[in-house]
Amino acid sequence: MDDKMLKELYLIGLVPVIKIEDPADAVPLAKALIDGGLPAAEITFRTKCAAEAIKNITDTYPDMFVGAGTVLTTEQVDAALAAGSKFLVSPGLNPKVTAYALSKGATMLPGISNPSDIEAALELGLTTVKFFPAEAAGGLKMLKAMSAPYGQLKFMPTGGINADNLLDYLKFGKIIACGGSFMVKDDLVREKKWDEITALTKNAVKVMLGLEFVHMGINNDSADAAEKGARLFSDMFGMPVRETSKSFFAGDAFEFMNKKGPGKCGHIAIRTNFVDRAMAYFERMGFEFDPESIQYDDKTGKPKFAYFKDEVCGFAIHLLQK
């Protein structure tokens, strides 16, 4: 298994699972997903044109994270890899097909739904598997109970994942990503409703990242000036004043800094469900982060705090883990 591919899968977080009946739809569909902030797709081998559709996408968007789903035979493994698939997924665990894919150096995620499947996957040396059909097989409650004895094995739940339960799944530490078709339903693809797919994809990314304003930090030259500003806000707007070791808060939204901090004027804090996934999302958009500002969680080793490299109107912007 390619660790780089698995890391990319984790940072994307949500993989649209798609059935394409017309290979001409592949590229506009890929663009709709990219425009929605999700440059990933699992094209299932449930249609004869799957390999052609994958090739159309990988030729046009070589950086897109495209894989093949419903891979049931060794011939499909070869076809998917030849078309440029970066990962392979199957609904169940076929030892012959899985071993063949691994022998080709492929990132293969076979489906499991019970402990016996998990043990067969471990015997093949797998570190990540698909949990399918997730909701029908007992959902998150089942996955938590079933995965408990199996250490660091990671899962990609697929089947019944939607905008309402996506975040619940992703918050479970053993889940590397989720597969879902709720933003790319068959009828939307068939009717070429690319704008609607983009809108649904944007909403899915919004749900996953959960970006929200936390507070604004305002730079001052001294603690006296900071306290004066906070108490002025208190008098004006009835906000309670709270002192910290480095600032005075007026309510929860306004932090008056005791001295000059990051940013010409101050800073703005944006909270997110996943700092690392949010960073990857913004980096795909062309934004950069200050590597020296990144702070990591002691338990998980994942980023929990990071400043963008550039200021916006004199304010430094940082992400903060919820």
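Mentor: Start with S85, whose side chain reaches the backbone oxygen of A80 at 2.9 Å; a polar contact is a pair of N or O atoms within 3.5 Å, and within protein one must be able to donate a hydrogen and the other to accept it, while residues adjacent in sequence count only if both atoms are side-chain atoms. The model is predicted: local features need pLDDT of at least 70, side-chain atom pairs count only at pLDDT 80 or more, and totals for chains, interfaces and linings use all residues. Residues are numbered from 1 along each chain as its sequence is written, and side-chain values use heavy atoms, with hydrogens and water left out.

Trainee: Is S85 buried or exposed?

Mentor: S85 lies in the loop between α4 (74-82) and β4 (88-89); helices (H or I, at least four residues) and strands (E, at least two) are DSSP runs, numbered from the N terminus. Buried means under 20% relative accessible area, exposed over 50% and partly exposed in between (1.4 Å probe, protein chains only). With a relative accessible area of 9%, S85 is buried.

Trainee: Which backbone nitrogen does the side chain of N165 reach?

Mentor: N165 is in the loop between β8 (154-157) and α8 (166-170). Its relative accessible area is 12%, so N165 is buried. Not counting residues up to four places away in sequence, N165 touches E135 and G160, contact meaning heavy atoms within 4.5 Å. At 2.8 Å, its side chain reaches the backbone nitrogen of N162.

Trainee: At what angle do the axes of α10 and α12 cross?

Mentor: The contact is made by V205, M208 and L209 of α10 (residues 194-209) and by R277, A278 and Y281 of α12 (residues 275-284). Axes are lines fitted to C-alpha atoms, for helices over the stretch in contact, and angles run from 0 to 180 degrees between N-to-C directions. The two axes come within 10 Å and cross at roughly 140°.

Trainee: How far from the ring centre of Y10 is the charged end of R277?

Mentor: R277 also belongs to the contact of α10 with α12. A charge sits over a ring if NZ of Lys or CZ of Arg is within 6 Å of the ring centre and within 35 degrees of the ring normal. The charged end of R277 sits over the ring of Y10, and the distance to its centre is 4.0 Å.

Trainee: Which residue lies over the face of F132?

Mentor: Here, too, the ring has a charge over its face. At 4.4 Å from the ring centre of F132, the residue is K130.
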